[in-house]
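Here's a quick tour for anyone meeting this structure for the first time. Have a look at the picture, then read on.

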Amino acid sequence: MNLDTSAVNVDTLPDYAPIPASSLGPAVNEQGYYVGRVERNLYWVTDGVYQCGFLTTPDGVILFDAPATLGHNIQRAIDEIAFANGVSNKVNYLIHSHHHADHASASSLFGNDITRIGHEETRKLMLRDNDPNRPAPEETYQDSRTLEIGGERIELGWHGSNHSPDNSYIYFPNHDTLMLVDVINVGWVPIYSLNLAVDVPGYIAAPDVALGYEWTHLISGHMGKLGSREDVETHKEFVNEIRDNLTQIFTTFDPTAYYQHYWPNMWASVAEHLDEVARRACAPLAAKYAGRIAAVDMDSFVLSTAVWILESLRLDLGLGIQVHP
Ligand SMILES: [Zn+2]
Ligand SMILES: [Zn+2]
């Protein structure tokens, strides 16, 4: 078998709409990161795509996620802040939002002498994945847990599965901040299949859970900006519009022609039918959200997201599922 491994020809690549300036964050430095204060001793670090956070405390630094793309830049960012403020730069705690390698694989850079904390399912999944870059957290919690470290308060909450089964809400009540990763890509559309959501109803409900907390700043794990409550509302509006468009088209559109035309190739009928519903549901989005959300013209992300929501409408909510008479 010969697989095509040839280099891509950039002249044949498609063009996309310009990225709204409001979707981009501060410029990164020479090493490729930006570190900024969220509030008081809470900071965030980004490379423009991934984000993590950290608190400087008298008990050392508490790190929130360790994205692979930030890697050694995490300690560089901490050193920069710690040096400027005359506080410890030693990471003593790492709190994980969820088990995924992209947000956790710089963990091992901080050695074995730190306390790792995460949801019990995060521990189970990291043990299963057995990746030396991200040792499983030894300290876990089930539904909620309040941490008091170095005089700072951190409230961990698990409100059901969404993007992943183990995604935690990390709340900083004294910093007016929530960290919720891989649900809202601030200023950008969700990537493939609704940000790869393993639980679509849980993912669609998550922004309201987030808004149920009191906060001004959102550390969303992506992209180059901190989020606001308005960013969460824009994300909600976009995802709800896809869901509502799908519902309207799916329940009124007559697909009989596909099933007659392709019989007995049932998969051709299903694919053509559902893909067409998804295309029609997404058709108005690019014009409507241009300038508000980046990459709304990107079919691979937006259409796969619509197909995934449509399957959830059918399978989770029973839309259009008919019991044979
Ligand atoms: Zn993830
Ligand atoms: Zn992510």
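What follows is a short briefing, starting with the whole chain and then going through its sheets.

This is a predicted model, where local features need pLDDT of at least 70, side-chain atom pairs count only at pLDDT 80 or more, and totals for chains, interfaces and linings use all residues. Residues are numbered from 1 along each chain as its sequence is written, while chains are lettered from A and ligands numbered from 1 in the order in which they are written. The protein chain holds 10 helices and 12 strands; these are DSSP runs numbered from the N terminus, helices being H or I with at least four residues and strands E with at least two.

**The chain as a whole**

- Along the principal axes, the C-alpha atoms fill a box of roughly 70 × 50 × 45 Å.
- Of the 325 residues, 42% count as buried, meaning that 20 or more other C-beta atoms, placed from the backbone, lie within 10 Å of the residue's own.
- Take the contacts between residues at least 6 apart in sequence: 63% of them join residues at least 24 apart (a contact has C-beta atoms, placed from the backbone, within 7 Å).

**The sheet of 7 strands**

- This open sheet runs in the order β1-β2-β3-β4-β5-β6-β7, with mixed pairing (two strands pair if DSSP finds at least two bridges between them).
- Its edge strands are β1 and β7 (139-141), and each pairs on one side only.
- Neighbouring strands here are turned by 20° against each other on average, direction ignored.
- Helix α1 (residues 73-85) packs on the sheet, touching β1, β2, β3, β4 and β5 (91-95), and its direction makes about 35° with that of β3 (axes are lines fitted to C-alpha atoms, for helices over the stretch in contact, with angles from 0 to 180 degrees between N-to-C directions).
- Helix α3 (residues 120-129) lies across β6 (115-119) and β7, at about 105° to β6.

- Strand β2 (residues 42-46) has 5 of its 5 residues buried, so it's largely enclosed by the rest of the structure.
- L42, W44 and T46 point one way from β2, Y43 and V45 point the other way, and all are buried.
- On one pairing, β1 (residues 34-39) runs antiparallel to β2 over 5 bridges, with V35 partnering V45.
- The hairpin of β1 and β2 has 2 residues between the strands, and R40 takes a positive phi near 45° there.
- β2 also runs antiparallel to β3 (residues 51-57), again over 5 bridges, and here V45 partners C52.
- Next along, β3 and β4 (residues 60-64) pair in the antiparallel sense over 5 bridges, with T57 opposite G60.

**The sheet of 5 strands**

- This other open sheet has the order β8-β9-β10-β11-β12, also with mixed pairing.
- β8 (144-149) and β12 (217-219) stand at the edges with a single partner strand each, so one side of each is left without a neighbour in the sheet.
- The twist averages 20° from one strand to the next.
- β11 (residues 177-179) and β12 pair in the parallel sense over 3 bridges, and T177 has H217 as its bridge partner.

Technical notes. A residue is buried if 20 or more other C-beta atoms lie within 10 Å of its own, exposed if 12 or fewer, and partly exposed in between; C-beta atoms are placed from the backbone. Two residues are in contact if their C-beta atoms, placed from the backbone, lie within 7 Å.
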